[in-house]
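This briefing gathers a few local features of one protein model for a reader who works with coordinates. Please keep the sequence and the structure in view while going through the points.

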Amino acid sequence: MEKQLARRSVLAGMAAGTVTSALAFADPAQAAGAADLVLHNGFVWTVDDRDSIRRAVAVRGGRIVYVGTDKGALRYVGKRTQVVDLGGRMLMPGLHDGHLHSLGGGSGLVGLNFAYAALTIPEFLQVIGDHLAQTSAEEPDGWVTGQNWYQQAMQPKGVVVTRKDLDQLDTRRPVAITSSDGHTTVVNSRALALAGITRDTPDPTGGIIERDASGEPTGVLQDNASGLVLALIPPPTDADNTRYAQAALSALAEQGVTTFMEAGAGEDTLRVYSALSERGQLTARAHIALMVELAEAEDDPLPELKRLRRRYDSGAVKARADVHVHNIKLFLDGVLQAPAQTAAVLEPYLVDDGHGHMIPGTHKGQVYWPQKDLDAFLIAAAAAGFDPHTHAIGDRAVRAALDGFQAVRRAGHRTTRPTVAHAELVSPADIPRFQRLGAIASMGFHWAKPAPDSTDSVEPFLGPERFAGYEPEGAIFRSGGTVSLGSDWPVDPLNHWEALRVVIMRTAAAGSPYARYGVMTPSQRLLRRTAIRAATFNAAYQLRQDHRTGSIEPGKLADLIVLDRNILQIPADDIGSTRVLLTLVGGKPVHGNFEGVAG
């Protein structure tokens with residue numbers, strides 16, 4: 001197994017200074033080997049095996065042809081070479097996001113958006129009411145949906161929105177609002193009626209219909225129960241999805257994301273991104289992980305998965321951004337956060353004994369796939385050339401995923417690159433298995449701080465001993481495992497630099513009411529170079545692009561970003577405010593321009 005441990009390097013004395021460049025005076029006789037672009041007088045953090053710091057990069061045909069000194073770049077400048085003086089600014093590989101939901105994120109940028117705000121129920125209803133006023137033409141039957149509702153932050157703490165609250169809205173329209181974590185949906189009575197959900201409706205497999213004391217549905221639907229309503233909502237058209245994708249791509253480029261993986265999608269997503277690619281409008285390398293449900297696995301989805309790969313996969317990674325289809329996505333459990341607590345845990349969640357003491361209860365969640373079925377499907381998928389990407393949050397679900405990956409290895413599939421997404425709670429006994437099985441941990445760094453969805457809704461229900469291992473990035477790294485960044489946007493806000501600050505500091509942002517909690521689980525911190533490697537080379541490795549992207553080395557593609565600050569030298573707390581001045585994909589600007597970074 002390829003071992004992805006960050007190499008330590010001594011950076012003292014390597015900070016970029018001001019250098020007078022002679023690049024403009026290159027010998028015209030050397031123009032035959034001229035580069036299209038030379039970026040010089042910079043602090044070039046290569047993220048190579050030695051964490052080398054260089055000064056200049058030359059690019060030809062979308063690929064890096066030189067990395068080194070300003071003087072060494074001289075021979076690559078010809079009459080038509082674009083020469084950019086970085087003025088000492090940091091140049092580094094573009095970010096790679098190993099787990100997000102771009103169309104959902106894009107729809108939140110253009111539609112009803114709760115903006116992850118901490119809201120009271122009246123404020124929550126006001127946001128919807130304002131949207132209703134702006135879309136009155138959709139009465140009485142147009143569905144009301146929204147994005148970025150941070151249910152764990154609702155005020156006062158612990159309040160639950162129900163159908164009775166939504167029924168107060170002045171509308172006849174069905175309302176279905178899904179939480180930002182994607183596991184809870186609250187609906188009004190009209191939506192329940194349309195779905196035929198009554199007190200007699202059984203809970204679906206992998207889902208819960210919450211009920212009041214009299215047995216009536218409250219309008220709160222957990223996990224697969226949400227599908228009873230969401231399946232009724234007309235799917236977005238290709239035109240809608242194109243609008244969402246374009247909004248998402250623009251936002252990702254602004255963050256410096258040059259490669260991403262869409263975590264759980266179907267042919268509608270493939271159509272949109274393939275069309276954008278064909279028109280030359282795809283501004284990041286798109287990996288589409290195809291969703292597989294247990295019910296589908298029982299009918300063997302592999303022929304359809306293979307058809308989609310044949311139809312849409314663009315093949316080898318090229319200078320121009322394309323679409324790649326070699327991942328599959330499976331849900332093994334839900335979320336740890338109360339009140340849902342649908343993540344599968346080895347020991348029961350704690351409950352209040354009625355006297356203010358937390359004691360073991362009986363609820364442990366469930367793994368959605370029987371282990372025998374999971375093992376069989378993962379082996380078959382690996383044999384078909386797919387890399388499995390499993391949503392597993394509780395320690396029991398993580399163990400099931402690792403057991404499945406072990407079955408894959410025992411079946412002889414040594415080159416498969418399996419991933420556990422989220423891995424918020426992992427048994428100490430399973431931590432070393434990431435390295436032994438060559439499994440990647442795609443982690444949502446935003447979660448590694450005091451917040452409503454950790455300090456309030458997880459820690460009390462796990463207890464201090466289990467919570468000490470919450471978000472175990474540090475433990476997985478120290479054991480030799482590969483950690484990559486998977487932002488999970490729009491489950492979490494689109495701010496990769498704040499996510500990196502969080503996993504390094506493990507504190508809430510200054511000004512947050514949770515800043516007073518200080519450092520959360522400090523033993524799980526990542527060093528800043530390790531964290532950045534997770535968001536560059538390691539995520540490239542996860543997506544089988546490490547031979548083409550993820551570091552700045554000759555022969556690799558010129559997926560590069562220029563920052564407004566040197567994130568190796570500033571206080572770690574300032575990393576979250578980083579701005580990307582220029583994003584290049586295959587040497588072409590997709591955000592910012594050369595003039596904006598010229599020294």
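This is a predicted model: local features need pLDDT of at least 70, side-chain atom pairs count only at pLDDT 80 or more; totals for chains, interfaces and linings use all residues.

Ser-484 itself belongs to strand β21, which covers residues 482–485.

**Leu-305 in helix α9**
- Leu-305 is placed in helix α9, a run that takes in residues 302–312, and its relative accessible area of 5% makes it a buried residue.
- When neighbours within four places in sequence are left aside, the contacts of Leu-305 are Leu-290, Val-292, Ile-328, Phe-377 and Phe-386.
- Between Leu-305 and Val-325 the separation is 20 residues in sequence, while the C-alpha to C-alpha separation in space is 9.1 Å.

**Strand β8 and its partner**
- Strand β8 (residues 95–100) is largely enclosed by the rest of the structure, because 6 of its 6 residues are buried.
- β8 pairs with strand β13 (residues 257–265) in the parallel sense, and the pairing runs over 4 bridges.
- For Leu-100, the bridge partner in β13 is Glu-262.

**The second largest pocket**
- The second largest pocket holds about 540 Å³ of space, and the elements that give two or more residues to its lining are α13 (452–456) and α17 (496–505).
- Of the elements, α13 gives the most to this lining, with 3 residues.
- In total 30 residues line the second largest pocket, and those that lie nearest its centre are Tyr-150, Lys-449, Ala-451, Pro-452 and Ser-512.
- By residue class, the lining of the second largest pocket is made up of 17 nonpolar, 5 polar and 8 charged residues.

Notes. Residues are numbered from 1 along each chain as its sequence is written. Side-chain values use heavy atoms; hydrogens and water are left out. On a 1 Å grid over the protein atoms alone, a cavity is a set of points where a 1.4 Å probe fits but cannot get out, and a pocket is an open set with protein on both sides within 12 Å along at least five of seven lines; lining residues have an atom within 4 Å of a point. Grid points are joined across faces, edges and corners, and a volume is the space filled by probe spheres set on the points. Ala, Val, Leu, Ile, Met, Phe, Trp, Tyr, Cys and Pro count as nonpolar, Asp, Glu, Lys and Arg as charged, and the others, Gly among them, as polar. Buried means under 20% relative accessible area, exposed over 50%, partly exposed in between (1.4 Å probe, protein chains only). Contact means heavy atoms within 4.5 Å. Two strands pair if DSSP finds at least two bridges between them.
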